[in-house]
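Please work through each task before reading its solution.

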Amino acid sequence: MKLLPEQNTLLEEKTKATIFDIQRNSFVDGPGIRTTVFFKGCNVRCAWCHNPESQNFKKEILFYKNKCTECGRCKELSVDNENFFCLNEAKQICGRKYTIQEVLNEIMKDKAYYQSSGGGVTFSGGECMLQIDFLEEILKKCKENNVHTAIDTAGNVPWESFEKIIPYTDLFLYDIKCFTETLHIKGTGVSNKLILENLKKLSDKSKGDIIIRIPVVSGFNDSAEEIMHIANFLKNIHYRDIDLLPYHKMGAHKYEALGIECTDYYIPEKENIKKYKHLLSL
Amino acid sequence: MNERIEKLVKKTVAGEMWVEPVSTEYDKKDLFLSPMKMSGKRVCEYILNQEPLILEESCLTGLIRFDDSVEGDVFNRSGHKNFAVAYEIFYLHPVDNLLSFEWQHSVGDFFKVIQNGLNGIKNDIEKSKTAHEGDESAIEFLDTQYDLCNAIIGLAHKASQKALVVAKETKNPEYQKNLMRLSESLKKVPEYPAESFYEAVLSLYFCYPYIPDSIGLIDRYLYPYFRQDIDNKIVTKEEAASYLQELFLMLQARKHISEDTFHRGGESHFCLGGYLTNGEDGFNDLSRLIVEALLELPTWIPQVSLRWTEKTPTEVLRFMLNCERKDPNKRIAFVNDEPRLKGLMNHAGLSFEEAVGYTMMGCNELALPGGMVFGFDPMNVVRSVENTFYKRSDDLVKAESFEEFYAIYEEELFSDLWEVERISKGFQNIRSRDCNIVSNIFLEGCIENAKSCTQGGLTRYIAVGLPIGLSNVIDSLAITRQFVYDEKRVTMEELICALRNNWKGFEMLRAEILKRGNFFGNDDSCSNEVAQKLMQSLEKWNNTENYLQKKWLFGNLIGYHPYHKWFGEATQATPDGRFAGDMVNFGIGQTQGKDRKGMTALLNAIAKCDPGAVLTGPSVTNVLLDEQLIKNDDHFEKLVKLFETYFSLGGTHFQLTYVSKDDLIEAQKTPEKYRNLRVRVSGFSDYFVFLNEGLQNEIIARTKHTS
């Protein structure tokens, strides 16, 4: 049967995803030793995002001007050429299409390490749930191969997307940026209504296989009041743990390389982090 | 650490425990004797003339040193005149940019002495004399060995008298008691069997100078004495630890404070744990005490390796790794019994019961108790790649597949291996012109065969070969396969031309190779398969038709000197992007920043590359770690699992290096060598060399030295 052009696109979305990095040996994206798959594209624009190259769904170029020697080679070769590379690494291509088999092959290389350490694979981003069909398929494959799965999400997706992947997901790493809706819109460009609703539903369904992740950003949510709101909301949520993620400025050079303006926030005081941990009963 | 040991530590690190050799006058008429008799007579006179160091804090004694006036121990080879000639000509001067000349390691069978005493060995000598009746040279040799035993016993009696004198002089009643016990004990050991833990350690301490390389598996052979004395409350754990610490301080004191090696942990290496003959894991409560006692000392020597087995509890690996991360002097490394025993059985031809007795020593060599390591010293294996591309180019251009290309390479590899066998045999012939006297009684076979260990008496030896630059070879072959045969990106003619021009005019090709080449350590199928193929070639060549009549175990360490640099300086450009003159790699864990996929990829590649366990000789895997990984307790716990998995997959060795300030500064200057240096803090990660200067400086400011 011949497929219509739009069916072809749909099939490709199901079997290919745009991914900007697959990082093996990750110690920070969930329990044990993990492989983290970073999907490209996000529908939340956190002003403090340390991976700005993850936001756009399309392949893009990071340009580190200080490394460029103006050799001109990049003008001769198209960046769409798979073999393109910059000698000086001044231009770095971010993102490419991966098939399910390619991603699975990469994940399976470290299976022995997952098994010994209680680790597995974490799908992150960007927002991995925005390429939900691919995600569902790769999760199924992971479970067929007895690999522990985790989803790192901002939660700003239709509930139906969660329903698709819950059966194959062992752990959700779920971000709460703040509780106050107006503040959320100001800091991320979107409302948190859907995010909080989804978390509530997920909590009822997944019975605590959730780790809440709260970025603490001075100039945004770094206040006892905001943290108290979150703490109150979490009283009705089943979760395993809460990670506080203090803001840092280490993504700043990437903004410059992408030609995007970087909003300046401040690193929270260590004392504040201690205080918030107390408020969250950590 | 008790107050007595604290005092000894101060003296040791100040160099005050150094024992100067006492020069000895010999009778001119000795020259009328046969060479063997003269050597034997003079060695005994020399030993009896020495003054073992006894301080008021001493519980143990026996450290002496040999000068060049007699043939000393087989490790240092002082007074070995033929060795000295070879040293002058060949040491630090590789032959044909192929093979260097080095010392040889040995491990005394100290348990035999502790258990039987030197009197037991004298009985063995008497038996051997009966067996060799009528063989004059054999009897002559055995007489020297009998006299040697008596000389060591005589020195013990002399030291006993001296301990009595020091005891009378000291005002500290505890020290006086210790010295009185030392004096009494020296009348018994090492002449007779030791009966207590203290006597066993004293016997070991006293005999060590006659074969001063490794103390071997002390947690195994001292354990019966330790267990018995602890159970019978004859010794406390604290007392046992203090004897061990005094033993370790003697090992440190053997090095003069002015020598580079005083601060270098590359000698007096020993092992803990490992399989016992009954198939169980040997790590015991004495093993734990030994490490704890060692780490209390702020010294550099000895170093110790944990022998891991599949039965080693995770808690033991965690304990040892935790000791490692707490040790600023970095004295701890890790080896895996699983591939090594396979190598020792399949290639060295040992039984399981024999193989489990091995110990690590030196930098990372191995031997059995009462055994030595023979074979060839650091070899430039990259020369075989050079020969392939520079001397066989006419054949190469005709090769239509990687298999055909590889067959040509393999011929060159085998040709070089036979050449090093020939040179190595030459070195061994020179060494065998000396007759060692003082180490034989601690080595297997010398008494039975009535021959010196330097002259064919030794029966317990392992043959090893050290091909340096293995990862350059793997990379060069993998790049050739990828670019010439798989992708057809370049022709063989172009690649040969690029190499002959030292990449001049081919800068783009070289950059592309470095950027997307299948280099070893990335766990890709191309480099993994090529690595396995190379190991299979080593296995294929391995044979007993050589001068040692044993198969070799291969390794990749270089000892103290930068042979990898010297070999590289005289080696032309290679397909892995190496310029002519660039250093080659030693060890199997370092690929100069070309391993880009993280630690699991690197460890997987290493663990998979040698299923035949041919690379289980003196192998080294250096792992460079982000300091935060080792400092942070959560991350540390994952590291324990990481390395446990690496060993369960078949890795032979690892030793850890953390990112220091110096490394980071160097990474700024030469980023191409530090491409895999990853910095990660709370979810954000990037390669250090990709960060801007300001950020790099910030991270440099936060990173501390760890050693």
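The model is predicted: local features require pLDDT of at least 70 and side-chain atom pairs count only at pLDDT 80 or more, whereas totals for chains, interfaces and linings use all residues. Residues are numbered from 1 along each chain as its sequence is written, with chains lettered from A and ligands numbered from 1 in the order in which they are written.

**Exercise 1. Determine which residues of helix α1 of chain B are buried and how they are arranged around the axis.**

Step 1. Helices are DSSP runs of H or I with at least four residues, numbered from the N terminus; α1(B) spans residues 3-13.

Step 2. A residue is buried if 20 or more other C-beta atoms, placed from the backbone, lie within 10 Å of its own, exposed if 12 or fewer, and partly exposed in between. In α1(B), Arg4(B), Ile5(B), Leu8(B), Val9(B) and Thr12(B) are buried.

Step 3. Viewed down the axis, these buried residues of α1(B) fall within an arc of 135° (the arc of the directions from the helix axis to the C-beta atoms), so they line one face of the helix.

Step 4. Glu3(B) and Lys10(B) are exposed on the face turned away from the buried side of α1(B). Helix α10 (237-253) of chain B is included in the cover over the buried residues. After α1(B) comes Gly15(B), with a positive phi near 80°.

**Exercise 2. Describe how α3 and α17 of chain B pack.**

Step 1. Two packed helices are described by the angle between their axes and the distance between the axes.

Step 2. The axes of α3(B) (residues 81-90) and α17(B) (residues 402-431) come within 8 Å and cross at roughly 140°. Axes are lines fitted to C-alpha atoms over the stretch in contact, and angles run from 0 to 180 degrees between N-to-C directions.

Step 3. Angles under 35 degrees count as roughly parallel, over 145 as roughly antiparallel, 65 to 115 as roughly perpendicular and the rest as oblique. The two helices are therefore oblique to each other.

Step 4. Residues are in contact if their C-beta atoms, placed from the backbone, lie within 7 Å. Asn82(B), Phe83(B) and Ala86(B) in α3(B) meet Phe427(B), Ile430(B) and Arg431(B) in α17(B).

**Exercise 3. State how many residues of chain A are in contact with chain B, and which element supplies the largest share.**

Step 1. The contact involves 22 residues of chain A and 27 residues of chain B.

Step 2. On the side of chain A that touches chain B, the largest share, four residues, comes from α4(A).

Note on methods: Contact = placed C-beta atoms within 7 Å.
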